[in-house]
Amino acid sequence: MNGPSDGGPYAGTKAETPETDKGTPKVAVAASQPTAEVVEGKHPAERNLRQQTMHRTQSRERMQQALERVRRAAKQDKELRFTTLLHHICEVDRLREAYLRLKREAAPGVDGETWRHYGEALATNLQDLSGRLRRGAYRAKPVRRVYIPKGSGGQRPLGVTALEDKIVQSATVSVLNAIYEVDFLGFSYGSRPGRGQHQALDALCVGIEQSNVNWVLDADIRGFYDAIDHEWLIKFVEHRIGDRRVVRLLRKWLKAGVLEDGKRRPTEEGTPQGGSASPLLANVYLHYAFDLWAHRWRRRHCQGDVRIVRYADDTVIGFEHRHEGEQFLAALRQRLAKFGLELHPDKTRLIEFGRNTQEGRRRRGLGRPETFHFLGFTHVCGRSRKGMFRVERHTLAKKANAKLAEIKASLRRRRHESVSDQGLWLQAVLRGHYRYYGVPLNIRRLQRFRWHVQRLWQRSLARRSQKGRATYARMERLAKHWLPLARIYHPYPAQRFRGTTQGRSPVR
């Protein structure tokens with residue numbers, strides 16, 4: 001657990017690690033020694049403003065350099081285990097950065113602490129939190145359980161984490177990302193720095209359009225976040241993390257329990273959705289349970305093209321041959337069962353989808369090709385004006401309907417606000433919708449969504465009073481002034497994918 005004795009930035013020591021499919025790492029790594037921390041007051045004196053700014057800049061550069069050394073060591077040897085990482089997490093400046101990254105208006109956890117109240121004595125609070133982390137006196141608080149409606153009609157459980165737990169989790173994730181970002185494979189996109197949903201959508205479209213994909217496996221893991229096995233997760237983490245104090249932190253969050261209806265319930269499995277560490281831990285779990293296995297399986301057992309795109313627990317795999325897709329699906333069920341996971345029977349299916357699908361189904365006298373859903377879009381086999389195959393993406397109908405229902409309910413609550421206030425709010429809603437769903441070939445769905453929003457606004461204004469005036473001509477003027485026209489924000493997938501990821505991903 002001690003720092004390097006030879007004065008260098010790293011030192012290798014022997015360490016034991018549990019056996020998993022990846023094998024046993026060779027050595028342990030100690031991260032660089034902690035340096036003096038800079039503690040700032042909330043309101044520095046005017047004469048010291050220059051010095052405080054310089055200290056803050058120097059501290060940020062020092063922290064970035066320390067994580068860069070960790071990243072280089074992780075990249076040089078994929079079997080190294082880091083044995084001293086806690087001091088990176090405990091730095092007051094890193095905790096401050098984690099605090100500033102949190103949402104200002106987020107709901108409080110079981111402690112009732114808000115972002116603004118905690119920040120009134122930020123320097124003192126962070127210094128105390130850092131000391132408790134170093135002494136091992138930090139205790140994770142239970143997660144407050146809330147439910148939000150799902151698009152399928154059920155309810156999705158979310159966990160509201162206490163503020164200090166959010167801070168420590170965010171700081172821990174920033175340190176662990178330096179290690180795991182060099183390990184994660186190229187087809188993993190969910191909850192990773194610099195990657196997002198549209199990168200995954202672009203990779204999927206390019207993979208289908210520019211390869212011999214004829215079959216698509218749309219795989220969804222049932223209740224993934226609630227089914228994560230804690231012991232397997234810790235084994236996976238210990239492949240890389242040899243610092244027992246960091247592992248103990250992770251165990252505290254996993255075992256903190258859930259507070260629901262005033263009663264604390266222990267958690268034996270799963271990670272609460274809503275915590276800062278949950279996405280990273282989920283990625284680590286699937287990296288060892290699925291990603292490495294899937295990449296190895298397609299290299300050993302597939303003769304045709306195979307394209308994989310995973311975003312969190314939603315995965316789409318394209319196959320050239322049907323029998324390889326069926327074999328992969330059977331093997332995947334066995335693989336996931338080993339780690340306590342199972343595929344959703346209704347959301348997992350192998351369909352015919354690709355450049356030859358339309359012509360093949362026409363010759364066999366079948367109907368139009370099936371579609372599949374991924375990240376809020378329905379993917380459809382289409383043709384360009386020149387007859388070239390392309391993947392068209394349309395707004396998923398149930399997502400649009402759920403958003404319209406939400407707008408309708410909000411307009412009911414805002415009914416007696418001024419027209420300008422309602423218009424500003426609807427303007428922001430539409431722009432947010434366009435920025436996500438504004439992909440090429442989806443303009444008609446965006447225009448239809450805007451039309452529905454205008455109709456909902458008209459009905460809401462008509463109910464403001466018995467003499468409510470919401471004529472067609474008036475609504476046209478209001479819509480022209482307040483409701484932005486549908487707009488495509490994103491380029492074609494091949495254009496952006498080629499410019500940002502080609503030749504950079506560890507795995508094609």
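Mentor: C90 has a relative accessibility of 1%, so C90 counts as buried, where buried means under 20% relative accessible area, exposed over 50%, and partly exposed in between (1.4 Å probe, protein chains only). This is a predicted model, in which local features need pLDDT of at least 70 and side-chain atom pairs count only at pLDDT 80 or more, while totals for chains, interfaces and linings use all residues. Residues are numbered from 1 along each chain as its sequence is written, and side-chain values use heavy atoms, with hydrogens and water left out.

Trainee: Is C381 buried or exposed?
Mentor: C381 is buried, at a relative accessible area of 7%.

Trainee: And how many disulfides are there?
Mentor: The count is 0 disulfides, a disulfide being a pair of cysteine sulfur atoms within 2.5 Å.

Trainee: New topic: how many salt bridges does the structure hold?
Mentor: There are 27 salt bridges. The term means a side-chain nitrogen of Lys or Arg within 4 Å of a carboxyl oxygen of Asp or Glu. Side chains of opposite charge can pair when their charged atoms come close.

Trainee: Which residue forms a salt bridge with R62?
Mentor: The partner is E91, with the closest N and O atoms 3.0 Å apart. This pair links distant parts of the chain, 29 residues apart: R62 lies in helix α1 (residues 49-76), and E91 in the loop between α2 (86-90) and α3 (92-101). Helices (H or I, at least four residues) and strands (E, at least two) are DSSP runs, numbered from the N terminus. Both R62 and E91 are buried.

Trainee: What about E68 and R72?
Mentor: Their side chains meet in a salt bridge at 3.8 Å, N to O. E68 and R72 are 4 residues apart in helix α1, so about one helical turn separates them. An α-helix has 3.6 residues a turn, so residues three or four places apart point the same way. E68 is partly exposed at 29% relative accessible area, and R72 is partly exposed at 40%.

Trainee: Which residue does R362 pair with?
Mentor: R362 forms a salt bridge with E359, and their closest N and O atoms are 2.4 Å apart. The two are 3 residues apart in helix α13 (residues 357-363), which means that about one helical turn lies between them. R362 is exposed, at 55% relative accessibility, whereas E359 is partly exposed, at 35%. Elsewhere, salt bridges that share partners join R62, E91, D93, R94 and R96 into one network.

Trainee: Why is α3 described as largely enclosed?
Mentor: Because 7 of its 10 residues are buried, α3 is largely enclosed by the rest of the structure. Among the buried residues of α3 are D93, R94 and R96.

Trainee: Now the sheet: in what order do the strands run?
Mentor: The order is β9-β10-β6-β11, in an open sheet of 4 strands with antiparallel pairing. Two strands pair if DSSP finds at least two bridges between them. β9 (306-311) and β11 (349-352) stand at the edges with a single partner strand each, so one side of each has no neighbour in the sheet.

Trainee: How many bridges join β6 to β10?
Mentor: Strand β6 (residues 215-220) and strand β10 (residues 314-319) run antiparallel and are joined by 6 bridges. A219, for instance, has T315 in β10 as its bridge partner.
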